[in-house]
Amino acid sequence: MLRRALALTVALATVVVGLVIGWSPASSATSGAQPRAQPTGAVVVIGTGGIGWADVSRKDTPNLWLLLRDGSSAALSVRSVYSNTCPADGWLGLSAGGRAAAPRTGDASNPADRPCAEAPMVVNDQVQGWSTFVSAAEGERFDTRLGLIGTTAAQQQVCVRTVGAWAAVGGARADGSVEQPMAFDAQNLLEDLNACPVTLVDVGSLRDPTDVAQGEPRPRSRADQLREIDARIGQVVEAGPNGADYVVGSLSDAGKSERLRLVVARGPHFGPGLLVSDSTHQSGLAQAPDLTATVLSTVGLPVPPGLGGSPLVSEPAPDNSERRADDRLTSLVDYDEASHEVHGLVEPFFTVFAYGQLAIYLLVLLVWKGRLGSEKTRVTVLQRVRVVAVVASAVPVSTFLANLLPWWRFAVPMVSVVAAVGLFVAIIATAALRGPWARWALGPMAFVSLMTILVLTADVMTGARLQLSSLMGLQPVVAGRFYGMGNPTFALYATAVILLATAVSSALVLAGQRRTAAIAVATLGVFAILVDGLPFWGADGGGPPALLPAIAYLVLAVLGLRLTWRRALVIGGGVVGLSVVVAVADWLRGPERRTHLGNFVQAVIDGNAVDIVVRKAEQNWTILTSNMPLTLLVPAALLFVIYLMARPTSWGSRAMRRSYEQAPTLRAGLVALLTALTIGFLVNDSGVAIPAVGATLAVPLIVSVALNALVEEARSAATTRAARRRR
């Protein structure tokens, strides 16, 4: 058995290494992108803030509109250290190509409620207070190197010119020195913009009068600020060097509220179309560090390995017609609106979802254990609540499918997203409860799990567009990740895989095909691990170490083998070995093609891995101690249900005895599920979300199985009593 396990591990590792190393750098999102030409000419970065694509129109922002029509554009995630990004944070982030922020003064406990810092003065070509910025960056454990653009350019003897108050911060070197900073003066722009290959221009940031923090000076109206900024952008483009690439980036938020902003580029490397970055793998979606990488690569400067972003490239449109520009603008506004609207809906949605289920299940327990009402009434209640449980289990996958409909365009987003989710819930739940599999106790569980697996697999393989800005998916405004398997997605995927494997193996074991059942579980598990872990699909470093031991345990249980210490060590060694192999193979593909798996290996080499681990642990602790009800309620409910059903001596397990007869691998499946979710919680950043989200699928499906057993038990007892009365 051990030899077979080792052989399987080696074979799987070989396949994974071959797939990882042989993976083409062009993802599905970037396959149509125009390859970057050899760097030539100059680049002018026009930095602003607080402007999103919803602010752009022919009438109000004619210069931005022309750039949109004739250049390549994207929605821009500007997330920095805090939930909102001040102009200081945006320009420091541009300087470093990573997350950075200026210290914020004020009494508010939430940094987002504190006023943004004013632009520092530059005295004798030195940014005042630079050491304060450096100290703040070092304290945040993001391995941020302030002054990256300026220092790299100086080392290669490339001139950098900065124009405007905040531009000096963006172009400063690591020691805070800056080369001949200039104030923004429309009369001297022609001279200022044609002096160096790299030019950073601050045209001012839009600040929303209704959203700025208390203590910050109240700005003029949004409309006035927008017109002035757009006019300055036009002046820079008109006065700038011919043949240069112009990149306009909105680097910060307009106030306390975080949103996606805009980036648009025009020049020799950027014709009409959408911007694409290898850091997001999404057409029309970029993140702030991409701008730093773009500046460096455009003028031939080296892009350091491990930089948070990747150079932007153009995915060309057929032409620069106004109709196509309108279509691009609509899609870019959709990115922002969906991301903004869903961000505020996640907590209330899950609070109602979690508490609603808990109230229903407690009511059932009260009715059944308290023997309230007639026996017929109790059976009816159980039947109806079983339907409710199956309906609830269809909600998670439906939150992804809801993004097939543009729910964010409606006036009341909460109503429209609930309606969109409800539509797919009705379809899936009806099929689960009405199909031929519905007669089997585990039939609805198998069907809902299969649908969840199919939807998430298809989404991951095609670019993860359904996950973006979904209630249980990836949040672009947070900039955690933009593709592959995020923690919530993995939680649902692993839960569905284990529950489906449990249902399939139970059916095969009942048919006397135990070995076939083990092969089916192993096949499904290996497929899921590949989908989750391979860099060109799930790119999930923390998923396979959680899913592999759970699947291995379930295979052993199906074969009737005990989990001895020796077997546990083999499984643990296989998990560690496979994780290391995948990460190193990803690292070998080179800096420009690595995912976060390979970047972590590089961090180990550079000696920065401890900071990453500590930061992830701090994130877990912060989430665990937060006030969000779902954070603590649902994992507790999951552990409670698994304890009752997996422990043979508990009353819950005795009540499930009929279910165990119908599903002989159910108990082992529940233990495997607990294993996967617990390991996932321990090894992932923000891992506390994994048991929480996994429970949203597992709890209602397990409850539906338990209620089915109780209904059949009640019917059997009623039939027996009726027969006795007839005698």
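What angle about the S-S bond does the link of C86 and C116 have, and what is its handedness?

Author: The angle about the S-S bond is -75°, and the link of C86 and C116 is left-handed. The model is predicted, so that local features need pLDDT of at least 70 and side-chain atom pairs count only at pLDDT 80 or more, while totals for chains, interfaces and linings use all residues. Residues are numbered from 1 along each chain as its sequence is written, and side-chain values use heavy atoms, with hydrogens and water left out.

The sulfur atoms of C86 and C116 are 1.9 Å apart, which meets the rule for a disulfide (a pair of cysteine sulfur atoms within 2.5 Å). C86 is in the loop between β2 (72-77) and α3 (87-96), and C116 is in the loop between α3 and β3 (122-123), so the bond ties together parts that are 30 residues apart in sequence. The helices (H or I, at least four residues) and strands (E, at least two) named here are DSSP runs, numbered from the N terminus. C86 and C116 are both buried, that is, under 20% relative accessible area with a 1.4 Å probe and protein chains only; exposed means over 50%, and partly exposed lies in between.

The whole structure holds two disulfides. The other joins C159 to C196, with an S to S distance of 1.6 Å. Here C159 belongs to the loop between α5 (148-155) and β5 (160-163), and C196 to the loop between α7 (189-193) and β6 (198-205), so this bond ties together parts that are 37 residues apart in sequence. C159 is partly exposed, at a relative accessible area of 21%, whereas C196 is buried, at 6%. With the bonded cysteines of the protein numbered in sequence order, the pairing reads 1-2, 3-4.

The charged end of R232 sits over the ring of F184, 4.9 Å from its centre, and that of R481 sits over the ring of Y483, 5.8 Å from its centre. A charge sits over a ring if NZ of Lys or CZ of Arg is within 6 Å of the ring centre and within 35 degrees of the ring normal.
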